[in-house]
Amino acid sequence: MSLSSALSIAQSALMSTSRQTSVVTRNVSDASNPDYTRRIAVVTSTAPGARSVDIQRATNDLLFRQNLSALSAYSGQNALYSGMDQLDVSVNGVDNASSPSTAIANLQQALQLYATSPSNQNLGSSVIDAAKQVVRSLNEGSQAIQDFRTQTDGQIDTAVKDLNSLLGQFQDANQAVISGTRSGSDVSDALDQRDALLKKIADYVPISTFTRGDNDMVITTGDGTTLFETIPRSVSFTPSAGYAAGAAGNTVYIDNVPVSAGSGGNTSANGKLAGLLQLRDGVASTMQGQLDETARGLITAFAETAPSMPNAAGLFTWSGAPAVPAAGTLVNGLAGTISINAAMDPSAGGNATLLRDGGANGAAYVANTSGGASYSSLLVAYGDRLDQPMTFDPAAGISATSSVSNYAANSIGWLQGMRQQASTAADAKEALAQRSSEALSNATGVNVDQEMSLMLDLEHTYQASARMMKTVDDMMTALLNAVG
């Protein structure tokens, strides 16, 4: 081997070592970046003594797809669970303190006390006050649900805008990958950016991807709808300014295909959008139906009856009074409009004794015909009706036959059961997302200890190349001295 060949080999070794050292240094500096993929410097011999260094990314497509799927599942589940927590407190209060069920229980107690001493008008006024609290809990609960639906609608609108923005960013990153691939330049950073955007997109909708020539990527949703192909597909949504009970929410469309809401406590929703749609149109609407049915049950339980006369709204009234709502039929928005009959409300100029004696709808409905101050039969009957089975609309999501008091309690149980399922599923899906992320990181992320060990090896290689160059230099100096 000639001295010039030896020098060329040493120089090539130094250059390749320098390139490898640069890659290791970059790996170490970005070790804490969750969106960074480890770079690998692959050394290739191109001629005797000559070397070239190619930069490659550590990838694992299977683990990456699993991570995207897990992220979507957890995002949808977390959106549902977080929303249900907020909805529970808004409607029922902390520990159900302001729930209709608690208010109805207090009304029953007030009725029992009044029935034991029907001549005590203070106790009569207490029943009216307790009934007002029932009305307040239903009115405010109904309003809270519709406010929640409006708020969730706004979150859906924000999510759609964010998703469209991410797709626009993905277009730029994808084009950078394509251009770099065609020119033969290093596209590692652009690929990292594109993968990071895929994770963010998966937070909103479940996605699948496949790569075409020049590393061009196509994104589809879980049901096969095209989300991105060369350019982003339109994700559209029209928010509503406000909601009324029974009003349907607007649909989210991806490339003119509607996005389906999730269902169940362990929701089928993958992605934030499906979870929010389930909250707005599923959970919240069902709760509204249960409040409306509770209100209808109360109007029915306290209706005044008389021989040969139709039942008429008594203590609790509504817009259709004096008629009583049809049995077993949901009346949308009833919980928001139920009120106390002014004829029995002292603060409205009424008389609380009408609750004891009957007659708010005229003389034909008077039960205490003798006017006895100790008459309690009607009060006892009202209390009994609260615990007697009646028919409820199954569209509200709980048992079709129940007493009013049990129905209100079952409504809380329904929500708590859903919340428990959602909580358990959220923990499980979060753990899966974390494990898949850790597995992906272990396969494609940076191990600092491994990089530092590699750096030590490169240092030894550098030293060997430097010694070789020093030896060649010494030999050439000795040769020149001999010639001179």
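Is the crossing of α3 and α10 left-handed or right-handed? The crossing of these two helices is left-handed. Keep in mind as you explore that this is a predicted model.

**Helices that pack together**

Let us stay with that first pair for a moment. Helix α3 covers residues 100-116, and helix α10 covers residues 404-444. Their axes lie 9 Å apart and meet at an angle of about 155°. Angles over 145 degrees count as roughly antiparallel, so α3 is roughly antiparallel to α10.

A second pair is formed by α4 and α6, which pack with their axes 9 Å apart and at an angle of about 165°. That angle makes α4 roughly antiparallel to α6, and the crossing of α4 and α6 is left-handed. Which classes of residue make up this contact? There are 17 nonpolar residues, eight polar ones and four charged ones where α4 meets α6.

Here are the two pairs side by side.

| Helix pair | Angle between axes | Distance between axes |
|---|---|---|
| α3 and α10 | about 155° | 9 Å |
| α4 and α6 | about 165° | 9 Å |

**A lysine on helix α4**

Helix α4 spans residues 121-183, and K161 is part of this helix. Is K161 buried or exposed? Its relative accessibility is 53%, so K161 counts as exposed. If you look for F237 in the structure, you will find its C-alpha atom 9.0 Å from the C-alpha atom of K161, although 76 residues separate the two along the chain.

**Two open sheets**

Now to the strands. Strands of a sheet pair through backbone hydrogen bonds, in either a parallel or an antiparallel way.

Strand β4 takes in residues 217-221 and runs antiparallel to β3, to which five bridges join it. Within this pairing, I207 is found opposite T221 of β4. The hairpin of β3 and β4 has five residues between the strands, and D214 in this hairpin takes a positive phi near 65°.

Another open sheet has three strands, ordered β7-β8-β9, again with antiparallel pairing. Why is one side of β7 and of β9 left without a neighbour in the sheet? Both β7 (235-236) and β9 (257-258) stand at the edges and each has a single partner strand, so one side of each has no neighbour there. Two bridges connect β7 with β8 (residues 253-254) in the antiparallel sense. For S236, the bridge partner in β8 is Y253.

**Aromatic rings**

How many aromatic pairs does a search of the whole structure find? The search finds four. One of these pairs is F302 with F316: their ring centres are 5.2 Å apart and their planes stand at 75°, so the pair is edge-to-face.

Are F302 and F316 buried or exposed? Both F302 and F316 are buried. Together with Y382, F302 and F316 form one aromatic cluster.

Key: Residues are numbered from 1 along each chain as its sequence is written. This is a predicted model: local features need pLDDT of at least 70, side-chain atom pairs count only at pLDDT 80 or more; totals for chains, interfaces and linings use all residues. Side-chain values use heavy atoms; hydrogens and water are left out. Two strands pair if DSSP finds at least two bridges between them. Helices (H or I, at least four residues) and strands (E, at least two) are DSSP runs, numbered from the N terminus. Buried means under 20% relative accessible area, exposed over 50%, partly exposed in between (1.4 Å probe, protein chains only). Rings of Phe, Tyr and Trp (its six-membered ring) pair if their centres lie within 6.5 Å; planes under 30 degrees apart count as stacked, over 60 as edge-to-face and the rest as tilted. Axes are lines fitted to C-alpha atoms, for helices over the stretch in contact, and angles run from 0 to 180 degrees between N-to-C directions. Angles under 35 degrees count as roughly parallel, over 145 as roughly antiparallel, 65 to 115 as roughly perpendicular and the rest as oblique. A crossing is left-handed if the near helix is turned anticlockwise from the far one by less than a right angle, and right-handed if clockwise. Ala, Val, Leu, Ile, Met, Phe, Trp, Tyr, Cys and Pro count as nonpolar, Asp, Glu, Lys and Arg as charged, and the others, Gly among them, as polar.
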